[in-house]
Amino acid sequence: MNKFLEELIELNRLERKLEELKPVETGIKAPLNKLEKKKKSLEERLEKLEEEIKNVKLKKSKNELSIQELKEKLQNIEEKQHKVKSEKEFKALQIEEELAREQIEGANDEIARFEKILEQKEEEKQELLKEIEKTEAEITLTKVDVDKKLETVEKQKEEIYKNKDKLIKEMNPNIYRFYEKIKRWAGISAVTPIKKQACSGCNMRINDKIFSEVIKGEEIITCPHCGRVLFVEKEELNEEK
Ligand SMILES: [Zn+2]
């Protein structure tokens, strides 16, 4: 086989291998990403919960403040009651006093209600914190496992890159540039096998004359339809014979 063609096929094979390792890496990282996502959503829930707690506390303290004001009002009423001259005035103050006491009672009920809500929310918060801690522990353990697996892939990649660099250095620079040019639009399928006498890059049929030239492998032949470099895999050749 033509040496340049052989090199092109080998270069493309190495690059395809690198490409194949990408989904492998994604697959290895997947469980870790899932846990990180879970942690993030738990933290978002916690943030929202803390905001809710803050709001309930604010409502509670508003009621406490209004009780304080109502108590001062009651004191005022009491002082006035000592000074009133008519029964009518006294009655009016009595009504005011009753109203203030009712308001205090209402505010106290509200405070009790808010305290119950706070208790529930605090409980929820504690559970969330526990869940976050658990998830963080899982992340730590998973990371050890993921890093180990990634390291193996990284070694494979290094080996492929080493071979690729070596090959590129040995290659004719013009042939390499020619390949890079096709790769710009064809990507990793810049060198593509003929399958069932069709270019596997564009799926168009290759005529008998070109097909037999490709089988000979004496020179670099590109697909007349799409321009990718063609070759025939050994298995395909055996089938032809
Ligand atoms: Zn083609």
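Author: A residue is called buried if 20 or more other C-beta atoms lie within 10 Å of its own, exposed if 12 or fewer do, and partly exposed in between, with C-beta atoms placed from the backbone. This is a predicted model, in which local features need pLDDT of at least 70 and side-chain atom pairs count only at pLDDT 80 or more, while totals for chains, interfaces and linings use all residues. Residues are numbered from 1 along each chain as its sequence is written.

Reader: Is C202 buried, exposed or partly exposed?
Author: C202 lies in the loop between β2 and α4 (208–216), where helices (H or I, at least four residues) and strands (E, at least two) are DSSP runs numbered from the N terminus. Inside 10 Å, C202 has 15 C-beta neighbours, so its class is partly exposed.

Reader: Which residues does C202 touch, not counting residues up to four places away in sequence?
Author: Two residues are in contact if their C-beta atoms, placed from the backbone, lie within 7 Å. With residues up to four places away left out, C202 touches C223, H225 and C226.

Reader: What pattern does the protein follow along the sequence?
Author: The protein has 5 helices and 4 strands. Read along the sequence, these elements follow the pattern α-α-α-β-β-α-β-β-α.

Reader: Why is the protein described as more spread out than a compact globule?
Author: The C-alpha atoms fill a box of roughly 125 × 40 × 35 Å along the principal axes, and buried residues make up 10% of the 241 residues. The globule rule is 2.2 Å times the number of residues to the power 0.38, and the radius of gyration is taken over C-alpha atoms. For 241 residues the rule gives 18 Å, so the protein is more spread out than a compact globule, its radius of gyration being 40 Å.

Reader: How are helix α1 and helix α2 arranged, and at what angle do their axes cross?
Author: Axes are lines fitted to C-alpha atoms, for helices over the stretch in contact, and angles run from 0 to 180 degrees between N-to-C directions. The axes of α1 (residues 3–83) and α2 (residues 87–170) come within 6 Å and cross at roughly 165 degrees. Angles under 35 degrees count as roughly parallel, over 145 as roughly antiparallel, 65 to 115 as roughly perpendicular and the rest as oblique, which makes α1 and α2 roughly antiparallel.

Reader: Is A112 buried or exposed?
Author: A112 is found in helix α2, and its C-alpha atom is 36 Å from that of K88, which is 24 residues away along the chain. Within 10 Å of A112 there are 11 other C-beta atoms, so A112 is exposed.

Reader: What is the phi of K196?
Author: K196 sits in the loop between β1 (191–195) and β2 (198–199), and with 10 C-beta neighbours inside 10 Å it counts as exposed. K196 is not a glycine, yet its phi is positive, at about 50 degrees.

Reader: Which residues is E236 in contact with, leaving aside its neighbours within four places in sequence?
Author: E236 belongs to helix α5 (residues 234–240), and its 15 C-beta neighbours inside 10 Å make it partly exposed. Leaving aside its neighbours within four places in sequence, E236 is in contact with P193, I194 and K195.
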